[in-house]
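Q: I have a model open and want to learn how to read it. Can we go through its features one at a time?

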Amino acid sequence: KTTIARILAKSLNCETGVTSVPCGKCSACREIDAGRFVDLLEVDAATNTRVDEMRQLLDNAVYAPTRGRFKVYVIDEVHMLSNSAFNAMLKTLEEPPPGSVIILVTSRPDSLLSTLRSRCQTVEFSALPEDLVAGVLREQGGMSPEEALLSSRLSGGSIGKALGLDGGLLEWRKELITRLGSMRKNSASDI
């Protein structure tokens, strides 16, 4: 979900113009990929839950984009915000400043206040099929077909989780696969 938000930021700020297929080569696209684009602000709501933090972020939304066409705010795990922080967002979501795009990312949309949900355009994602995730793991993760299939099942249909973008999960899975493989040869007490 967050990756899609970054792609949207590239689509809006690509130097070739607003496009559904950003070039990936211009300085704006490269800076977004590198996490250095000044007009893309990513906020982890799980660690910035307080109303003061949300107000400070949204107070800055009134300023025009510095480098790009649009200033894009990605608020990840938005369901973790306090009710006061949600309420602080309502006016900005009703009337976003010109040149600003606010993307709320959550895996739990039902936990958002209905007043907040009513002001948003919703895009729902579903889990990817196991064979698709396993194919990506074989190509990008260098896994064997068996490892890729097991990791695909553990990922719940998320390529980001399957590739270990969530803090070393890939290494943990490789260790688990190694240990499960050795279970076939040894007794469970050896593991």
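Predicted model: local features only at pLDDT ≥ 70, side-chain atom pairs only at ≥ 80, totals over all residues.

Q: Which strand is joined to E2 by five bridges, with residues 40–44?
A: A single opposite pair is only an entry point. Look next at the whole strand. Strand E1 (residues 40–44) is joined to E2 by five bridges, and the two run parallel.

Q: In which sense do E2 and strand E3 pair?
A: E2 and E3 (residues 100–104) pair in the parallel sense, over five bridges. Val-72 has Val-101 in E3 as its bridge partner. Ile-75 stands opposite Leu-104 in E3.

Q: Where do side chains of a regular strand point?
A: In a regular strand they alternate between the two faces of the sheet. Now take the case here. Five of the six residues of E2 are buried, so E2 is largely enclosed by the rest of the structure.

Q: Where is Gly-68 found?
A: Gly-68 is in the loop between helix H3 (51–59) and strand E2 (71–76).

Q: Which residues is Gly-68 in contact with, leaving aside neighbours within four places in sequence?
A: Asn-13, Phe-37 and Asp-39. Also compare sequence separation with distance in space. Gly-68 and Val-38 are 30 residues apart in sequence, and their C-alpha atoms are 8.3 Å apart.

Q: Which residues of helix H6 are buried?
A: For a helix, list the buried positions, then look for what they pack against. In H6 (residues 130–140) the buried residues are Val-133, Ala-134, Gly-135, Val-136 and Leu-137. They pack against helix H7 (145–155) and helix H8 (159–162).

Q: What follows H6?
A: Gly-142 does, with a positive phi near 65°.

Q: Which residues make the nonpolar surface patch?
A: Ile-4, Ile-7, Val-123 and Phe-125 make a patch of about 370 Å². Take Ile-7 as the example. Its place is in helix H1 (residues 2–13). A residue needs over 30% relative accessible area to join a patch. Ile-7 has 36% and is partly exposed.

Q: How many helices and strands does the protein chain have?
A: Now zoom out. The chain has nine helices and three strands. Along the sequence, the pattern reads α-α-β-α-β-α-β-α-α-α-α-α.

Q: What do the totals say about burial and surface?
A: Buried residues make up 35% of the 191 residues in the chain. The accessible surface comes to about 11400 Å². Carbon and sulfur atoms account for 51% of that surface.

Q: What share of the contacts joins residues at least 24 apart?
A: Take the contacts between residues at least 6 apart in sequence. Of these, 63% join residues at least 24 apart.

Methods:
Residues numbered from 1 in each chain as written. Heavy atoms only, no water. Helix = DSSP H or I, 4+ residues; strand = E, 2+ residues; numbered from the N terminus. Contact = heavy atoms within 4.5 Å. Pairing = 2+ DSSP bridges. Patch = residues over 30% accessible without salt bridge, like charges linked within 9 Å, V, L, I, M, F, W, Y side chains within 5 Å. Areas by Shrake-Rupley, 256 points an atom, 1.4 Å probe, with all protein chains shown as cover. Salt bridge = Lys/Arg side-chain N within 4 Å of Asp/Glu carboxyl O. Buried < 20%, exposed > 50% of the residue type's maximum accessible area, 1.4 Å probe, protein only.
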